Amino acid sequence: MVPLPTHALTRRRFLTAASTLAASTALSPLFGANPAAAATPDGEILSCSNFGAFWAKVEGGRVVKVRPWEGDPHPIATIEGAVDLAYSPSRIRYPMVRRAWLEKGPGAEPETRGRDDFVRVSWDKALDLVAAEIKRCAAIGPWSIYTGSYGWGHFGRLFNSQTALRRVFNLMGGSVGSTSNYSKAGLEAIMPYVLGQIDAEGPQTSHQTILDNTDLIVFWACDPLKDNHISTNVPDHGEYGWFEAMKKAGKKAIFIDPFKTEGCKILSGEWLPVRPHSDVALALGIAHVLITENLADKKFLADYTTGWEIFFDYVTGKKDGTAKTPEWAAEKTEIPAATIRDLAHRFVKGRTMLVSGWTPQRQQHGEQFPWVFVTLAAMVGQIGLPGGGFCQRYHLDNAGAPQADSPALSTTMQAGKRKETMPWPKEKGAETIPVARIVDMLMNPGKSYEHNGKTFIYPDVKMTYWVGGNPLHHHQDRNRQVAAWKKFETVIVQDFQWTASARFADIVLPAATGLEREDIEGLGVVTRKAYFAVRKVIEPLYESKSDYVIFQMLAEKLGIEPEFSEGKSELDRVKEVYAAALDQAKAKKIPMPDFDAFWKAGIVEFATPEKNLRRTKYAQFREDPLLNPLPTPSGKIEIFSKSIEKFGYDDCPPHPTWLEPVEWLGSKATKYPLHVNSSHPDYRLHSQLNGTKVRAIYAVAGREPCTINTRDAAARGIKTGDVVRVFNDRGQCLAGAVVSDDIRPGVIQLQEGGWYDPVKANEPNALCKYGDVNVLTLDIPTSRLAQATSAHTCMADVELFKGEAPKVSVFDTPKNG
């Protein structure tokens with residue numbers, strides 16, 4: 001047995017990146033240090049963020065230095081960005097209103113959105129305008145207001161800022177909300193039919209169990225080290241230690257990915273640079289070998305699954321006349337048929353763990369990959385055995401780590417139920433829409449759409465209030481979205497940075513950053529090793545206010561306070577959260593200090609019992625499927641779904657199926673030659689931190705980096721450091737070239753999260769000066785089942801940009817701002 005190390009991989013990456021930051025612009029002054037916050041004698045205050053915990057050194061009312069919390073085994077350089085959010089040039093300082101909207105009212109000149117023509121107003125004036133607009137639209141009906149505000153929101157456990165937003169509007173009679181997410185909506189839609197639950201949530205088979213039992217681990221479109229650097233709470237960065245332990249143990253690893261990841265390099269893994277969009281075909285080719293060579297575990301399939309015979313007939317060609325042979329799969333994947341056969345043999349030779357990421361389900365027909373992935377694991381027959389089976393969440397939240405003996409940390413503020421101020425007729429539209437269908441809603445009010453077996457109507461919305469998110473980042477086909485955005489009569493954005501969404505708003509409210517308010521948060525979504533006191537390091541800068549205070553002020557204007565706050569302050573709510581955890585701790589006899597001691601220390605840590613080191617997901621199901629059935633109609637893994645069969649969807653058949661996308665490298669009809677891999681960023685949380693000094697680590701020629709294979713670059717006369725234009729029929733953007741053999745030919749990587757910076761806002765096909773990949777991506781649903789994003793169905797081309805590149809301006813303060 002190789003135990004997990006207490007410290008993880010070398011900190012060289014962190015130190016190198018931190019040096020880059022230190023060499024860039026110095027920390028700007030942070031005024032208003034909070035003397036009440038507990039601090040060490042040398043002026044350091046413990047704080048935390050989605051990027052890790054850190055000590056902020058305060059001198060003379062300014063934060064002058066940041067260093068990682070010593071309990072972080074693998075600190076990330078981006079913690080400096082969490083501080084820089086407070087004072088970067090892109091900080092929203094004052095309440096602002098778009099000039100045309102202020103002078104002429106709702107709906108005025110929407111084409112001027114994004115052109116920085118704002119007027120500074122007082123808080124009182126801004127909230128009067130917001131309250132009046134909410135009342136106007138509420139009088140039309142709750143279906144006229146969209147609060148599907150989506151994003152990572154406000155850091156901390158006090159409340160999710162989007163939950164607080166919906167609480168306000170529910171007290172006013174309701175609004176249109178959203179369901180699911182951009183991350184894994186395809187998987188979330190299909191897995192309940194296959195496994196009876198989303199599956200890719202919570203604790204998974206533990207890392208130690210992998211170390212003890214697994215012979216072969218396969219990372220399929222999965223990059224745990226990149227994605228684990230952030231978390232919904234304070235990341236514990238434990239997956240770096242897991243990779244170190246696997247390397248020490250000599251674990252055999254295969255990485256199926258068009259990009260050679262850091263994890264592949266660390267483990268000296270086999271890299272199979274599969275053609276994007278062909279993952280389902282690859283799985284079917286492997287399945288064909290398992291079937292025809294009698295390697296599939298038919299006893300497991302008979303005892304624990306349903307519908308496998310129908311799937312077998314499809315794979316062998318009995319159903320449609322096309323056998324999904326390794327040769328058939330090789331043509332689509334560009335992985336040799338011999339390699340595909342070898343994969344099948346190796347999967348069943350020893351104990352194999354199949355690990356998937358979420359990229360393949362964020363593409364047209366994205367439901368098919370997670371389904372065929374689980375089906376393939378069922379054919380191997382090791383689900384529920386220690387170190388075998390499958391996992392769909394190792395890339396996030398250190399989901400294979402052991403859990404500490406700690407109480408749960410919850411929240412006491414909920415959105416509540418809609419106050420029935422008026423009926424909501426069905427013909428007025430759905431009360432919620434799939435989150436990735438917002439543009440379709442704007443462009444098709446009153447029209448019907450199908451979702452998960454039912455038919456709904458798009459409502460006719462007039463206004464939106466966005467908090468804790470950046471829709472002009474995370475949605476696809478930016479030019480289509482910008483055109484649709486004009487249909488909003490009023491756009492309100494509450495944030496702390498001048499994102500593209502804020503620049504395309506009518507009313508902008510300046511929110512406080514995590515340094516400027518009070519909250520509480522846990523360390524590790526799965527590990528739950530500690531709680532941090534999120535104490536004010538500084539008072540809110542300029543005229544910013546915490547989300548909680550903003551909503552309290554707005555509630556007063558609307559006449560629904562103290563119903564909103566229930567008479568409780570921000571700190572009162574934090575104490576409530578802690579008190580609930582403390583009650584649990586006492587009942588379980590877990591040592592935990594009172595609130596005052598915790599708040600003074602800034603942290604309480606919990607022990608992790610050795611017995612929690614080992615965990616095997618689905619072990620009870622395997623042991624006795626009758627006593628421990630899955631929550632599916634059959635109680636088993638459903639390889640064929642009768643429920644989906646009844647829907648009659650041609651874009652989501654009742655068993656895993658290869659369906660060709662509208663554009664991909666394997667189609668001769670595709671107009672553009674390069675697949676665009678819009679992966680998660682290395683040094684951001686989606687678009688967060690793009691407006692901070694962290695950008696100095698990765699920007700190329702002052703723009704978002706675009707990685708291109710050496711062969712593709714040479715054919716275009718491109719070298720590292722060049723400014724390039726990436727384009728297709730949907731849009732165009734500039735980027736900085738990075739030439740590398742770590743990406744397969746025919747694919748470029750332009751990471752998502754780059755801020756949209758059009759040369760002229762609201763101009764059709766405006767050139768984005770910085771590198772927003774979503775000017776290129778396709779805005780179509782995965783299928784009628786999930787209605788999820790198809791961001792990874794995207795083809796484009798790249799050329800050397802000639803002439804003087806336009807200046808990037810999205811990170812500067814807007815006019816009058």
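The model is predicted. Helix H11 packs along H16 in a roughly parallel arrangement, while H14 and H15 cross at roughly 115°. A search of the whole structure finds 55 salt bridges, and a few of them are described below.

**Helix H11 against helix H16**

- Helix H11 spans residues 279-292, and helix H16 spans residues 368-380.
- Their axes come within 9 Å and cross at roughly 20°.
- That angle is under 35 degrees, so H11 counts as roughly parallel to H16.
- The crossing of H11 past H16 is left-handed.
- H11 contributes Asp279, Val280, Ala283, Leu284, Ile286, Ala287, Leu290 and Ile291 to the contact.
- H16 contributes Gln368, Phe369, Val372, Leu376, Met379 and Val380.
- By class, the residues of this contact are 12 nonpolar, 1 polar and 1 charged.

**Helix H14 and its cover**

- Helix H14 covers residues 326-333 and is mostly covered, with 6 of its 8 residues buried.
- The buried residues of H14 are Pro326, Trp328, Ala329, Ala330, Lys332 and Thr333.
- Their cover includes H11 and helix H15, residues 337-349.
- Glutamate 334 follows H14 and has a positive phi, near 65°.

**Helix H14 against helix H15**

- The axes of H14 and H15 come within 8 Å, crossing at roughly 115°.
- H14 passes H15 in a right-handed crossing.
- On the H14 side, the contact is made by Pro326, Glu327, Ala329, Ala330 and Thr333.
- On the H15 side, Ala337, Ile340 and Arg341 take part.
- The contact of H14 with H15 divides into 5 nonpolar, 1 polar and 2 charged residues.

**Salt bridges**

- Glutamate 188 and lysine 184 join their side chains in a salt bridge, at 2.9 Å from N to O.
- Glutamate 188 has 16% relative accessibility, so this residue counts as buried.
- Lysine 184 is also buried, with a relative accessible area of 9%.
- Arginine 517 and aspartate 519 form a salt bridge at 3.2 Å, N to O.
- Both arginine 517 and aspartate 519 are buried.
- Arginine 725 pairs with glutamate 799 in a salt bridge, with the closest N and O atoms 2.9 Å apart.
- This pair links distant parts of the chain, 74 residues apart.
- Arginine 725 lies in strand S26 (residues 723-727), and glutamate 799 lies in strand S29 (residues 795-800).
- Arginine 725 has a relative accessible area of 19% and is therefore buried.
- Glutamate 799, at 32% relative accessibility, counts as partly exposed.
- A network of salt bridges links Arg167, Glu566, Lys568, Arg573 and Glu576.

**Threonine 632**

- Threonine 632 sits in the loop between helix H24 (619-623) and strand S23 (637-638).
- Beyond its neighbours within four places in sequence, threonine 632 is in contact with Pro192, Tyr193, Val194, Leu195, Gly196 and Glu638.

Conventions
Residues are numbered from 1 along each chain as its sequence is written. This is a predicted model: local features need pLDDT of at least 70, side-chain atom pairs count only at pLDDT 80 or more; totals for chains, interfaces and linings use all residues. Side-chain values use heavy atoms; hydrogens and water are left out. Axes are lines fitted to C-alpha atoms, for helices over the stretch in contact, and angles run from 0 to 180 degrees between N-to-C directions. Helices (H or I, at least four residues) and strands (E, at least two) are DSSP runs, numbered from the N terminus. Angles under 35 degrees count as roughly parallel, over 145 as roughly antiparallel, 65 to 115 as roughly perpendicular and the rest as oblique. A crossing is left-handed if the near helix is turned anticlockwise from the far one by less than a right angle, and right-handed if clockwise. Contact means heavy atoms within 4.5 Å. Ala, Val, Leu, Ile, Met, Phe, Trp, Tyr, Cys and Pro count as nonpolar, Asp, Glu, Lys and Arg as charged, and the others, Gly among them, as polar. A salt bridge is a side-chain nitrogen of Lys or Arg within 4 Å of a carboxyl oxygen of Asp or Glu. Buried means under 20% relative accessible area, exposed over 50%, partly exposed in between (1.4 Å probe, protein chains only).
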